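Subject: Structure handover

Hello,

Here is the structure we talked about handing over. Please look through it first; my notes on what was found follow below.

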2 protein chains.
Amino acid sequence: MTSEAYLSRGVSPTKDDVKAAISQQDPGLFPGSFCKIIPDPSGDPEWCAAFHADGAGTKSAMAYLMYRETGDCTWFEGIAQDSLVMNSDDLLAIGATGPFLLSNTIGRNAHRIHGNILVGIIAGYDKAISRLAEYGIKIIMTGGETADVGDLVRTVICDSTMMARLPRNKVVNIGAIKPGLDIVGLSSTGRAIYEEQENSGLSSNGLTAARHLLLHHVYAEKYPESYSETIADDKVYTGSFLL
Amino acid sequence: MTSEAYLSRGVSPTKDDVKAAISQQDPGLFPGSFCKIIPDPSGDPEWCAAFHADGAGTKSAMAYLMYRETGDCTWFEGIAQDSLVMNSDDLLAIGATGPFLLSNTIGRNAHRIHGNILVGIIAGYDKAISRLAEYGIKIIMTGGETADVGDLVRTVICDSTMMARLPRNKVVNIGAIKPGLDIVGLSSTGRAIYEEQENSGLSSNGLTAARHLLLHHVYAEKYPESYSETIADDKVYTGSFLL
């Protein structure tokens, strides 16, 4: 996919301006690691900790479309799971295996996102935490915030922040990657034992472009609240697929 | 201000539906406390911890208007400070005085919010952390996420998540409030020694309504991206004031 497919839809594929904005920030204990690693909050010199923030991104626009088409709020459950695992996977990349402490931030337009949808999102967090617990991954929900920010958010945005402690000798220090090491690749297709259905092969990034490239333009007129008016009309839902 | 002034602008003044959605969540170690209090992540039985998530809310729409009128990205610095203190003050309400661990989540429409604005927000965090450090309040920036979510966010949303540990015997347990205790009130006007200018008397909540009730309708045509199209036109920027 060309970067133009992203840029024309308001997504920077390189985030160069973001990298520049944070270039002066403290790199933490292990510069170059996938997450900033900080000293252990409780002061144990043998341990360290990391926070990670991420969310479901524009996938909640997809859940919104499915909800509007079906009236089923449970479509939002997957948004919570996605928002959660976007953090646990990145923390795993530095060697953190939990317990994970989880907080969420939900921003909504209360004119479009009612309480039953919030119930769906919260249920999604509970179910994801329970399912991962079956596989020995401990996640503790520490609370969160649901803000009515309709002047900022068209529908709903669901972000999560996760924290984990780990022994410093268990850190996967990406800054130490060097020639001669093996690279292990995992397929984004197929189905893991803990997954309920086959993966599409589409990964978590680039779904703004994928949604616009695959979905039929009929949804542009039907749900204008599901995309930015800064996107040229001939870039909005340009595909042939119906939900 | 009537609740209708909020509701008509997509803000629930009571958040009853939010409270219902989370009513089954674990209340933590001190039910009724202002933040959910959890066991210490490092397992010290004498200590506990709390996370808090909050953000600048629609005040970033105000910063956006000032930025568009002046071209000055530093208007966004205050958004970062607001997003930060909305958490430190609530954690203080349970007795946590720091060190505080801070993470942020910025969601933007990359078509409207360029890198210089992100620089302004990051600078705002750095300045707020430095100013509070002068008064003995230690805040450690742990990183964050800037997401391009133009299909969800009209301009920019700036949220923060903060965590603190504290001794259990220092917890301000709001669940233990009873008749006979004193209530101390602080003015939202005037100026504290650590503040650079007089306070307006407007507090952090209700600013969506305040913005629409005070600002002149000229900004409705000029910056339609600064408010929700779900708000009736006669409720948008209904005041007499110019920026």
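Contact, as used in these notes, means heavy atoms within 4.5 Å. This is a predicted model, in which local features need pLDDT of at least 70 and side-chain atom pairs count only at pLDDT 80 or more, while totals for chains, interfaces and linings use all residues. Residues are numbered from 1 along each chain as its sequence is written, chains are lettered from A and ligands numbered from 1 in the order in which they are written, and side-chain values use heavy atoms, with hydrogens and water left out.

The two chains

Chain B is superposed on chain A by a rotation of 180° with 0.0 Å of shift along its axis, at an RMSD of 0.0 Å (least squares on the C-alpha atoms of residues with pLDDT of at least 70 in both copies). The two copies are thus related as by a two-fold rotation axis. In chain B, Val153(B) has the C-alpha nearest the axis, 2.3 Å from it.

The contact between the chains takes 69 residues from chain B and 69 residues from chain A. Of the interface residues of chain B, 100% are also interface residues in chain A, so the copies meet through the same surface. Together the chains bury about 5500 Å², with 56% of it on carbon and sulfur atoms; buried area is the accessible area (1.4 Å probe) that two parts lose on being put together, summed over both. On the chain B side, Phe51(B), Asp151(B) and Leu152(B) lose the most area to chain A, together 15% of what that side buries.

Ser103(B)

Ser103(B) is in strand E3 (residues 100–108) of chain B. Helices (H or I, at least four residues) and strands (E, at least two) are DSSP runs, numbered from the N terminus. Leaving aside neighbours within four places in sequence, Ser103(B) is in contact with residues of both chains, including Phe51(A), Ala53(A) and Thr161(A) as well as Met141(B), Gly143(B) and Thr161(B). A polar atom of the Ser103(B) side chain lies 3.5 Å from the backbone oxygen of Gly143(B). Ser103(B) counts as buried, at 1% relative accessibility; buried means under 20% relative accessible area, exposed over 50%, and partly exposed in between (1.4 Å probe, protein chains only).

Cysteines

Cys158(A) is buried at a relative accessible area of 1%, and Cys48(B) is buried at 0%.

Aromatic rings

Rings of Phe, Tyr and Trp (its six-membered ring) pair if their centres lie within 6.5 Å; planes under 30 degrees apart count as stacked, over 60 as edge-to-face and the rest as tilted. The count comes to 8 aromatic pairs over all chains. One of them joins Tyr64(B) and Tyr67(B), with ring centres 6.3 Å apart and planes at 55°, so the pair is tilted. Tyr64(B) and Tyr67(B) are 3 residues apart in helix H3 (residues 59–70) of chain B, about one helical turn. Tyr64(B) is buried, with a relative accessible area of 1%, and Tyr67(B) is buried at 11%. In chain A, ring pairs link Tyr64(A), Tyr67(A) and Phe76(A) into a cluster.

Helix H6 of chain A

The buried residues of helix H6 (residues 207–214) of chain A are Thr208(A), Ala209(A), Ala210(A), Arg211(A) and His212(A). These residues pack against helix H1 (3–7) and helix H3 (59–70) of chain A.

Backbone geometry

Most residues other than glycine have a negative phi, and most peptide bonds are trans. A cis peptide bond joins Gly98(A) and Pro99(A), with omega about 5°; Pro99(A) lies in the loop between helix H4 (77–92) and strand E3 (100–108) of chain A. In chain B, a cis peptide bond joins Gly98(B) and Pro99(B), also with omega about 5°. Tyr237(A) is not a glycine, yet has a positive phi of about 45°. Tyr237(A) sits in the segment after helix H7 (218–222) of chain A and is buried, at 0% relative accessibility.

Regards

Definitions and conventions: Polar contact = N/O pair within 3.5 Å; in protein donor to acceptor, adjacent residues only side chain to side chain.
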